[in-house]
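Work through these exercises with the structure open. Try each task before you read its solution.

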Amino acid sequence: MSVTKKDEKLALQVKGLKKTYNDGKVKALKGIDLEIKSGQFFGLLGPNGAGKSTLIHTIMGLAKPTSGSASVFGADVVDDYQAARTYAGFSPQDINLDWFLTVEQTLDFHGGYYGMTKKERAKRIDELLKVFSLTEKKKSRAMFLSGGMKRRTVIARALMHRPKFLILDEPTAGVDVELRRDLWKYVQEINKQGTTILLTTHYIEEAEELCDQIALINDGKILKVGTVSELKKAFKVKTLEDVYLKATGDKQETPV
Amino acid sequence: MSRGEWIGFYSLLRRECYRFLSIPRQTVAGPLLETFLYISVFGAALGSRIDQIHGVSYVVFIIPGLLLMSMIMNSYANNSSSLFQQKMMHAIDDQLASPVSNYSLLVAYTVAGLLRALIIVTIAFATASLMVHLPMEHLWIFVLGLTLSGLFFASIGVLVGLISTTFDQISSYQTFVLQPLIFLGGVFYSVALLPEPFKTLTHFDPIFYMINTVRYGMLGHSDVNPYWSLLAITVATIAIITINAHLFKRGYKLRS
């Protein structure tokens with residue numbers, strides 16, 4: 001795949017991104033501006049329906065932007081989509097595995113879509129099966145996996161092609177403590193090695209512990225971006241949870 | 001096309017072929033049995049009481065039409081159900097978020113159904129030729145007629161899989177559109193035997209021309225000019241592929 005390198009400093013640059021549905025009646029994104037620097041562990045917090053998944057889907061090409069632009073490491077997600085999608089890896093909120101494929105096949109086909117050779121795929125599959133304790137389940141079809149195993153497979157799949165920019169959309173929703181611990185250990189490790197992480201989560205304490213920069217999003221708009229301490233200071237509260245409640249709560253009080 | 005893009009396309013095609021090859025009883029053996037039941041019942045049992053048609057026994061007369069029917073049904077069924085299934089599971093998102101191009105996606109989904117149909121028709125043809133002597137007057141017209149008709153309905157399958165929102169819609173097209181058109185297109189009889197207005201009405205059935213092209217290729221007899229029919233099938237196939245290419249490029253019902 002052709003990969004153009006234009007701006008190594010910004011992992012993600014979003015400018016005036018708008019997304020509407022139903023002929024403009026539903027405004028999911030109302031002009032998002034966002035920058036994530038290379039190597040950051042970035043959190044995106046907001047209530048359900050705030051626009052987090054729409055923003056991520058637009059970056060990954062699952063939704064088409066109505067106006068504005070987004071680029072991953074300088075590659076525009078529309079005009080240079082092959083490069084943008086090669087840089088990015090995406091673990092979606094909802095499990096979207098092919099029920100009839102085994103764990104091993106899921107990873108193998110995914111690697112193939114990204115142009116990895118058979119040898120590269122086999123080596124990477126072995127690594128990921130070990131990291132996510134999936135080796136024993138590698139021949140199991142997705143439909144027979146437990147919820148936790150499915151989640152592990154989805155995250156392993158996102159990492160299969162060694163993305164420079166990893167998007168984790170609610171990766172720990174409904175998963176056990178063991179996976180949560182293993183996942184964060186591994187993600188922090190690859191973050192230290194240079195992988196940029198974009199995390200959306202409803203667990204405020206996770207965001208507080210892991211993210212070095214956080215954006216608050218609600219009603220299709222970015223409300224505030226900063227470090228945890230900057231946000232606390234800006235909202236004049238003591239905890240990130242209070243920041244979140246104040247930011248999103250204020251919005252809810254706004255008449256519709 | 002770069003090496004990575006080839007691997008991407010090949011992976012898509014490999015996954016599609018794996019899908020039908022992993023359930024051979026449903027996707028290969030079942031349709032083969034159906035074809036042989038038609039040959040046995042209509043050809044051998046009933047056919048022994050029917051005079052020759054255009055100088056060949058009834059069983060030989062119906063075989064080109066039966067092969068075409070198998071080609072149409074299997075290429076359509078494979079692609080419509082596979083694409084629809086991928087959409088319903090959201091498993092297609094993994095392909096849509098990858099660097100593979102829209103055209104690679106379209107070609108892989110289209111060709112997979114055609115390959116499945118070609119496998120079934122080749123086995124059916126080989127086995128039928130062991131049972132009865134099958135002439136072959138114009139091999140290239142026979143092969144081209146079958147393949148183009150298969151490609152046309154493989155593309156129709158992709159289109160229906162794309163636009164459908166329920167399984168009911170997919171089977172409805174098959175039951176209420178395809179099957180009547182195939183049966184009334186002259187698989188089991190020559191249009192010359194029909195009284196008016198049915199003789200004229202049959203000329204409005206596109207499958208009538210496909211059957212006659214394939215029949216001309218094998219038996220050397222056709223109710224219509226086979227070259228004009230071949231041209232019409234080619235034009236129709238190009239038209240449907242163009243429509244599909246446009247819809248895939250737009251991301252119609254694939255990307256929100």
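**Exercise 1: Strand pairing**

In chain A, strand β3 (residues 41-45) and strand β8 (residues 196-200) pair in the parallel sense over four bridges. Strands are DSSP runs of E with at least two residues, helices are runs of H or I with at least four, and both are numbered from the N terminus. Two strands pair if DSSP finds at least two bridges between them.

The model is predicted: local features need pLDDT of at least 70, side-chain atom pairs count only at pLDDT 80 or more, and totals for chains, interfaces and linings use all residues. Residues are numbered from 1 along each chain as its sequence is written, while chains are lettered from A and ligands numbered from 1 in the order in which they are written.

Task: Find the bridge partner of Gly43(A) in β8(A).

Solution: Go to Gly43(A), then cross to β8(A); the partner is Leu199(A).

**Exercise 2: The sheet**

Solution: 

**Exercise 3: The chain contact**

Task: How many residues of chain A are in contact with chain B, and which element gives the most?

Solution: 
- Step 1. 27 residues of chain A are in contact with 25 of chain B (C-beta atoms, placed from the backbone, within 7 Å).
- Step 2. α1 (52-60), α2 (81-87) and α3 (103-113) of chain A each give two or more residues.
- Step 3. α3(A) gives the most, with four residues.

Note on methods: Contact = placed C-beta atoms within 7 Å.
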